Amino acid sequence: MDWFAWDFDHPAYFTIYADKAADAAREGPALAALLDLPPRSRILDLPCGWGRLHPHLRDRGFEVVGGDLSRLNLVKHRACHPAPLVRLDFRALPFHPSCVDGVFCAFTSWGYFASETENLRQLAEFARVLRPGGVLLLDLVGRSCLQASMTEVDGRWIEFAEDGYQERASWSLDGRRILTERTCQGAFFRHDIWIPTDAEIRAFLGEAGFSIGQTYGGLDGRPWEEAAERWIYRAIKSA
Ligand SMILES: C[S@@+](CC[C@H](N)C(=O)[O-])C[C@H]1O[C@@H](n2cnc3c(N)ncnc32)[C@H](O)[C@@H]1O
């Protein structure tokens, strides 16, 4: 089984990412504003997870459909934030071409696949379902900031208070991916995420059919910079 089909579909996911629930109050309004589309725009929240950002997209007047691979996340989304939801895989979206105005892709939800072809396919699918001129907001971790923060912890197990939770993050040997091993609630997890450079992100967006509108280095809309913690791309589907 692919790691992303297992790791995110386990109850421990909600323990590991417990702090992200509180972060939603800050991230949701800011990211929804950076999407910068008018009320009543049709938005796909891909992946929607358990919907922690959903209310903030609705607050801007968007018509939101969520999609995610994880059944468990979709069940929690339905319970916490009722909405139209679809179980899907990024590589083959079950939507018609040009059917939406925006795709909202938050919290480093690109780079999960092992091959560049599949990672490109995810962006190409986002482009396919967007109308020409439609907007993709791609919210990623900044590679350089992550590299700097990893120097102290690379390869070391760190223990947390909750549920026997421990984690160890390390770079892959080729320096392209972050491998994060975790034990929690007696289960073992292993995230394996490609952390692209800015040049790679731009090249992949271009190849998938996007031009880059704005790039941001933070939730407050500050300009992109190499050292920023977040790299946020507002990309426009080419005509
Ligand atoms: C880090 S979470 C982000 C969720 C949400 N955007 C948020 O900010 O809370 C990543 C999500 O991607 C989903 N996911 C992972 N691989 C996927 C795939 N191949 N197709 C669709 N969703 C996927 C996971 O189930 C998980 O809910």
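## Two domains

The chain is divided into two domains. Domain 1 covers residues 3-141 and 197-237, while domain 2 covers 146-190. This division is drawn on a predicted model. The C-alpha centres of domain 1 and domain 2 are 24 Å apart.

The two domains touch. Domain 1 gives eight residues to the contact, and domain 2 gives ten. On the side of domain 1, two elements supply two or more residues: helix H1 (3-7) and helix H2 (13-16). By class, that side of domain 1 has five nonpolar residues, two polar and one charged.

## Overall build

The chain holds eight helices and eleven strands. Its C-alpha trace spans about 45 × 40 × 35 Å along the principal axes. The radius of gyration is 17 Å. A compact globule of 239 residues would have a value near 18 Å, so the chain agrees with that expectation.

Buried residues account for 34% of the 239 residues. Consider the contacts between residues at least 6 apart in sequence: 61% of them join residues at least 24 apart.

Lysine 20 and leucine 85 are 65 residues apart along the chain, and their C-alpha atoms are separated by 21 Å. Lysine 20 sits in helix H3. Its C-beta has 15 others within 10 Å, so lysine 20 is partly exposed.

## Around the ligand

The ligand is surrounded by 17 residues. The closest are Phe8, Pro47, Gly49, Ser70 and Phe107. By class, the shell has ten nonpolar residues, four polar and three charged.

Pro47 also stands out in the backbone. The peptide bond from leucine 46 to proline 47 is cis, with omega near 0°. Proline 47 belongs to the loop between strand E1 (42-45) and helix H4 (54-59).

Most peptide bonds are trans, and most residues other than glycine have a negative phi. Two residues here have positive values instead: arginine 40 and glutamine 185.

Arginine 40 has a phi near 75°. Its place is the loop between helix H3 (19-35) and E1. Is arginine 40 buried or exposed? Arginine 40 counts as exposed, because it has 10 C-beta neighbours inside 10 Å, and the cut-off for exposed is 12 or fewer.

Glutamine 185 has a phi near 50°. The loop that holds glutamine 185 runs between strand E8 (177-184) and strand E9 (187-194). Glutamine 185 has 14 C-beta neighbours inside 10 Å, so it counts as partly exposed.

Which residues of H6 are buried? They are Asn119, Gln122, Leu123, Glu125, Phe126 and Ala127. What do the buried residues of H6 pack against? Their partners include the strands E4 (100-105), E5 (130-141) and E9. Helix H8 (198-208) is another partner, as are strand E10 (210-216) and strand E11 (230-237).

How values were computed:
Residues numbered from 1 in each chain as written. Predicted model: local features only at pLDDT ≥ 70, side-chain atom pairs only at ≥ 80, totals over all residues. Near = placed C-beta within 6 Å. Nonpolar A, V, L, I, M, F, W, Y, C, P; charged D, E, K, R; others polar. Helix = DSSP H or I, 4+ residues; strand = E, 2+ residues; numbered from the N terminus. Rg over C-alpha atoms; globule rule 2.2 N^0.38 Å. Buried ≥ 20, exposed ≤ 12 C-beta atoms within 10 Å, placed from the backbone. Contact = placed C-beta atoms within 7 Å. Domains from an automatic or database assignment.
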